[in-house]
Amino acid sequence: MGKYFQEEIECAPLEKIKALQDDLLPKQVRYVWDNVPYYRKKMEAHGVTPDDIKSAADLHKLPFLSKADLKAAYPYGLLAVPLRDCVRIQSTSGTTGKRVIVFYTQEDIDLWEDCTARAIVAAGGSADDVCQVSYGYGLFTGGAGLDGGSHKVGCLTVPTSSGNTERQIMFIMDLQATILCCTPSYAAYLAESLKEMGYKPEDIPLKIGIFGAEAWSEEMRRDIEKTLGIKAYDIYGLTEISGPGVAFECSEQNGMHIQEDHFIAEIIDPDTGEVLPEGTQGELVFTALDKKAFPLIRYRTRDICTLTREKCSCGRTHVRMTKPKGRSDDMLIIRGVNVFPSQIETVLMNQGYAANYQIIVGRVNNTDTFEVKVEMTPDMFTDNLGEVQARRKILEDGLRAMLGIKAKVTLVAPKSITRSEGKAVRVIDTRKI
Amino acid sequence: MSVNQVSVFLENKPGTLNKLTEVLADNKVNIRALSLAETSEFGIVRMLVNDVFEATTVLKENHFVATLTPVLAYAIADEAGDLNKLLKKFSEIEVNIEYMYAFAGKERAYMIFRVNDTKKAEALLKGKGLRSLTQEEISAV
């Protein structure tokens with residue numbers, strides 16, 4: 001298998017990729033027009049028909065889809081095939097409160113698993129590897145996606161799913177697992193647990209980590225790499241578009257290649273919807289070119305990143321995206337630095353706190369104040385005052401490493417953070433700007 | 001025998017201690033001894049109560065974070081010099097006291113100690129003729 005899972009397409013010349021997209025997009029738009037009345041109405045309201053889409057260059061003429069559309073069309077409104085052709089759903093809790101349910105035909109699953117297989121091979125995996133999938137199995141796309149890809153590569157797949165840390169470690173050590181797939185925060189937690197159990201990096205058989213599904217920093221990557229003695233690769237995806245594997249890192253670890261034979265990526269201005277030139281930071285938008293059951297066109301991910309077509313020395317030609325900083329609609333700018341609540345959440349979970357927190361931003365003497373309130377948990381509480389203070393300091397240091405600015409951590413009583421509709425109010429910004 | 005002390009996390013702001021005592025009062029939990037350690041933002045309330053199980057249950061139900069900490073309790077004579085005698089024995093066995101608090105009863109005074117190795121300290125003090133109080137004895141004071 002070597003360096004690539006599907007070399008012909010992964011390393012295809014740009015012209016060939018463009019030609020494929022020019023061929024697929026008009027067909028896909030007509031397919032959606034014929035089979036998804038919800039999107040057809042949107043196109044009609046937008047004054048565009050399939051006849052207007054002659055090549056990929058016409059993509060910008062089409063209306064966007066957003067999380068709100070998924071909510072409005074729930075559950076079957078965006079389904080393009082009869083249920084008898086669907087073989088699976090995956091689902092995500094979503095942040096807007098309504099579940100997202102995505103349908104797959106067998107073809108859709110094959111396409112998705114090809115992508116995760118490409119990701120595993122790009123990270124250096126082969127049929128000789130023992131691949132432990134510690135992403136959650138079930139409705140979440142992480143477990144199913146990497147499991148399928150691992151099968152396609154021919155790895156011995158160890159489907160541990162998430163949780164039960166002792167058992168995870170037992171499988172890693174007993175079966176000499178060489179690849180670990182999970183969320184970065186769980187990887188950090190496993191790394192810490194192995195360290196506490198006295199394992200040194202050289203005792204740990206793992207060589208490769210494939211981590212995704214949440215925001216993580218370069219610092220966190222280095223920490224995990226050092227503690228586990230591995231190379232850690234980022235993988236990106238979203239349930240709406242298929243799942244992990246829409247984009248992934250190669251050996252260069254310099255951006256994630258987007259699988260352009262299946263997905264067209266655009267970067268837009270989140271405020272105006274205007275398409276931005278290559279290299280500009282903006283909101284990532286995806287169009288699935290050949291998905292059958294749940295074919296989304298111009299789906300706004302709300303993820304903020306940039307794209308580059310600079311040549312990658314791994315040999316892959318597909319466009320690369322930078323690690324998304326977080327969702328466009330919840331970014332804060334504090335002391336000139338972009339802060340995403342998801343980054344704070346990552347640090348908290350990483351250190352064993354509940355992901356229940358509140359960010360309080362204010363302004364005193366023209367300087368932003370930045371406080372993070374964290375609910376005390378039984379696990380983090382001890383009768384020793386100095387120890388509680390020390391743990392708080394570690395949390396402050398962790399936040400500083402992740403965000404690049406200092407936050408004041410205040411420990412508050414459990415359940416004391418205001419909740420509305422069962423969801424925590426995450427940000428209180430009292431700055432009058 | 002060591003005694004179970006209930007340690008509770010509290011935010012350092014008006015009303016929080018009262019909220020704690022309200023929950024205990026509503027559930028008829030009697031506080032036998034209480035001590036507070038605080039920082040500018042939060043504090044830890046340490047108490048001996050008549051019913052540890054009831055106290056921790058109702059605190060949990062009311063969203064307090066509480067933990068049980070083993071402490072050693074000794075009864076001494078309520079007169080000048082007796083605490084000094086007791087602490088001299090701690091010195092002799094070279095046990096470090098993390099914190100302590102005390103309360104006086106009608107006839108005797110009660111000293112509560114947190115040490116890092118409760119079992120060892122208790123055994124060594126027993127060797128010096130000191131018997132620590134049981135949970136029942138503290139409840140009955």
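This is a predicted model: local features need pLDDT of at least 70, side-chain atom pairs count only at pLDDT 80 or more; totals for chains, interfaces and linings use all residues.
Biologist: Why is A:Val36 called buried?

Modeller: A residue counts as buried if 20 or more other C-beta atoms lie within 10 Å of its own. A:Val36 has 22 other C-beta atoms within 10 Å, so A:Val36 is buried.

Biologist: Where in chain A is A:Val36 found, and which residues does A:Val36 touch, not counting residues up to four places away in sequence?

Modeller: A:Val36 is found in the loop between helix H2 (14–35) and helix H3 (37–46) of chain A. With residues up to four places away in sequence left out, A:Val36 touches A:Leu78 and A:Ala80. A:Val36 and A:Gly77 are 41 residues apart in sequence, and their C-alpha atoms are 7.3 Å apart in space.

Biologist: What makes H8(A) roughly parallel to H10(A)?

Modeller: Helix H8 (residues 184–196) and helix H10 (residues 341–350) of chain A pack at an angle of about 25 degrees. Angles under 35 degrees count as roughly parallel, and therefore H8(A) is roughly parallel to H10(A). The axes of the two helices are 9 Å apart, and the crossing of H8(A) and H10(A) is right-handed.

Biologist: Which residues of H8(A) and H10(A) meet, and how do they divide by class?

Modeller: From H8(A), A:Ser185, A:Ala188 and A:Tyr189 meet A:Thr346, A:Met349 and A:Asn350 in H10(A). The residues of this contact comprise 3 nonpolar, 3 polar and no charged.

Biologist: At what angle do H8(A) and helix H9 of chain A cross, and is the crossing left-handed or right-handed?

Modeller: The axes of H8(A) and helix H9 (residues 218–228) of chain A cross at roughly 35 degrees and come within 9 Å. The crossing of H8(A) and H9(A) is left-handed. On the side of H8(A), the contact is made by A:Pro184, A:Ala187, A:Ala188, A:Ala191 and A:Lys195. H9(A) contributes A:Met220, A:Asp223, A:Ile224, A:Thr227 and A:Leu228. By class, the contact of H8(A) with H9(A) has 7 nonpolar, 1 polar and 2 charged residues.

Biologist: What makes S10(A) and S12(A) the edge strands of their sheet?

Modeller: The sheet in chain A is open, and its 3 strands follow the order S10-S11-S12 with antiparallel pairing. Strand S10 (263–268) and strand S12 (299–305) of chain A each pair on one side only. The twist averages 30 degrees from one strand to the next.

Biologist: In what order do the 6 strands of the chain B sheet stand, and which are the edge strands?

Modeller: The order is S2-S3-S1-S4-S6-S5, in an open sheet with antiparallel pairing. The edge strands are strand S2 (31–38) and strand S5 (97–104) of chain B, as each pairs on one side only. The twist of this sheet averages 30 degrees from one strand to the next.

Biologist: Which strands does helix H3 of chain B touch?

Modeller: Helix H3 (residues 82–92) of chain B packs on the sheet, where H3 touches strand S4 (66–77), S5 and strand S6 (108–115) of chain B. The direction of the helix makes about 120 degrees with that of S4(B).

Biologist: How many helices and strands are there in chain B?

Modeller: Chain B has 5 helices and 6 strands, and along the sequence their pattern is β-α-β-β-α-β-α-β-β-α-α. Of the 141 residues in chain B, 28% are buried.

Technical notes:
Residues are numbered from 1 along each chain as its sequence is written. Chains are lettered from A and ligands numbered from 1 in the order in which they are written. Two strands pair if DSSP finds at least two bridges between them. Helices (H or I, at least four residues) and strands (E, at least two) are DSSP runs, numbered from the N terminus. Axes are lines fitted to C-alpha atoms, for helices over the stretch in contact, and angles run from 0 to 180 degrees between N-to-C directions. Two residues are in contact if their C-beta atoms, placed from the backbone, lie within 7 Å. Angles under 35 degrees count as roughly parallel, over 145 as roughly antiparallel, 65 to 115 as roughly perpendicular and the rest as oblique. A crossing is left-handed if the near helix is turned anticlockwise from the far one by less than a right angle, and right-handed if clockwise. Ala, Val, Leu, Ile, Met, Phe, Trp, Tyr, Cys and Pro count as nonpolar, Asp, Glu, Lys and Arg as charged, and the others, Gly among them, as polar. A residue is buried if 20 or more other C-beta atoms lie within 10 Å of its own, exposed if 12 or fewer, and partly exposed in between; C-beta atoms are placed from the backbone.
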